[in-house]
Structures are given as structure tokens and as C-alpha cells.
Amino acid sequence: MKNPVRRSVFLILIGGLCLVSMVKAEYSFFLIDNFESGKAEKWYRFGNVAMVVERNPSLEAGVKDTIADSCGDYSLKLTGQADHWYAGGIGADLYADASPFSRFQMDVYGNGARGKIKVEVFDDDNKNFSLEQDPTKDWVATKDDKWVAEVPVLGKGFTRVSIPFTAFKLENPGSGDGIWNPDHKDGSGGVLKVQFVLLTDQATGEVGANIDNILLTY
Ligand SMILES: [Ca+2]
Ligand SMILES: [Ca+2]
Ligand SMILES: [Ca+2]
């Protein structure tokens, strides 16, 4: 591109496109829940886990940082009693077209009882907006892919956890197509649901955490 005028017009165009995409990326996300409604209506519970929306614990801990500020007034408190490292968990139906996004993000506040949160997402492979599970085999997903990633529960204060979709591992090979395809193509329900399972570091014991700002983003 020898002509300097054409070259600068080209560069301005490219710069403008970058700016537009940056602005779009910064403000575009799919919010699953930030609990500012004060309710946890969209969440179901399973196993030995209790949940309650409570005032942001950072306010009580006197922690002041940008992540804590972005958590607003409310977050969801999860507590569980584990048996064989497993306490139970919560989940929400999404039916989301997550194809514009590349990562899962949430804020986690540890309460001192150490453990892990296993994040589970399911993409619809037999295109029926439904998750088929086998109740006789620990509710394993039989037709759709189940993708999992583990998040450590750290000490007090909110930690922002951002997991690229590429870091999720397939837990039920042979059930779905084994491909991360979270779109709505051909009548697929996309990402059917997200679940959080509480796990402890010891075989038995308490585990708990607050979670907030759960979303899909770029
Ligand atoms: Ca919040
Ligand atoms: Ca299905
Ligand atoms: Ca799939």
C-alpha cells in the first residue's frame, strides 16, 4: 500500500474496527445471576447443600477492592456437609446460545472451610432442549456432553475466577458428540444448564463459599 492517504484511511478503518470490537467485548456478556434481586429463585438444589442469598460478606470483613465492589449488596451463600468428599450442589437452567462467548466467570468468597467448587455445564447434543439423565447411574448425562472444571475455594475475600471453555474437561465421553457446541444450530438448546458441586479436602466435613457475578463472557 504505497499511497500514504490510502494507507492512513486503511489504518483508521482498522483502528475503528478494533475499537468497536473492544467496546463490544467489554460490555457484552451473558449474566447468569448476580443475586441483586435478593432471591435465588432460578437455582435448584441437590444433595446436602443449603443456599441462602445474604448481604455481601465483604462488607462485614471490611475488604475493599474492585471485585468486592462489583459484587454489590448480595451474593449466594452455599454451605454443605460432605460425605466422601461430596456435599451436593445447586444448578440453574440456561438454554443459552453461548457461541459468542469464550469463558465462564464467577466470583468466589471462601468462608474458611477449604474445599472446591466443581463447575459443570451441559451442551445439548440431541437437540431437544432437555438434559437426559440416568437416575440409576448417579444421574449421568446420557445424550448430551457434560463439561467440568474445578475451582479452589480460597480464604476470605472475593476471588474472580475466569475459566476458558477450552479448559473444561469432558466427563461423560460417548454420551454426546464430545464437541463443545453451545450454539442454537438445528434446534439445539445450547448450554442447557450450569451446576456447582461442593467438594471438601477431607473425606467428611463442612464446605462452604459465597458465589456472585456468575456469567459467560468473551
Ligand atoms: Ca451480587
Ligand atoms: Ca438433550
Ligand atoms: Ca456437544
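1. Ground rules first. Residues count from 1 along each chain as its sequence is written, while chains are lettered from A and ligands numbered from 1 in the order in which they are written. As this is a predicted model, local features need pLDDT of at least 70 and side-chain atom pairs count only at pLDDT 80 or more, though totals for chains, interfaces and linings use all residues.

2. How far to trust it? The protein chain averages a pLDDT of 88, and 84% of the residues score at least 70 (pLDDT is the predictor's confidence in each residue, from 0 to 100).

3. Of the contacts with a separation of 6 or more, 79% join residues 24 or more positions apart (a contact means C-beta atoms, placed from the backbone, within 7 Å).

4. On burial, 30% of the 218 residues count as buried. That label takes 20 or more other C-beta atoms within 10 Å of the residue's own; 12 or fewer makes it exposed, and in between is partly exposed, with C-beta atoms placed from the backbone.

5. Now the largest nonpolar core, which has 37 residues; Leu78, Val108, Ile117, Leu198, Ala209 and Ile211 touch the most other members. The largest share, 6 residues, comes from E13. Such a core is a set of buried Ala, Val, Leu, Ile, Met, Phe, Trp, Tyr and Cys residues joined through C-beta atoms within 7 Å.

6. E7 pairs antiparallel with E13 over 9 bridges, and Ile117 has Leu198 in E13 as its bridge partner. Beyond its neighbours within four places in sequence, Leu198 contacts residues including Val49, Leu78, Gly115, Ile117 and Val207. E7 also pairs antiparallel with E10, over 9 bridges, where Asp123 is partnered by Asp145. Pairing here requires at least two DSSP bridges between the strands.

7. Last, Ile67 in helix H3 (residues 66-70). Ile67 is partly exposed because 16 other C-beta atoms lie within 10 Å. Ile67 touches Asp107, Phe158 and Arg160, leaving out residues up to four places away in sequence. Arg160 is 93 residues from Ile67 in sequence, yet their C-alpha atoms are 7.0 Å apart.

Key:
Helices (H or I, at least four residues) and strands (E, at least two) are DSSP runs, numbered from the N terminus. Two residues are in contact if their C-beta atoms, placed from the backbone, lie within 7 Å.
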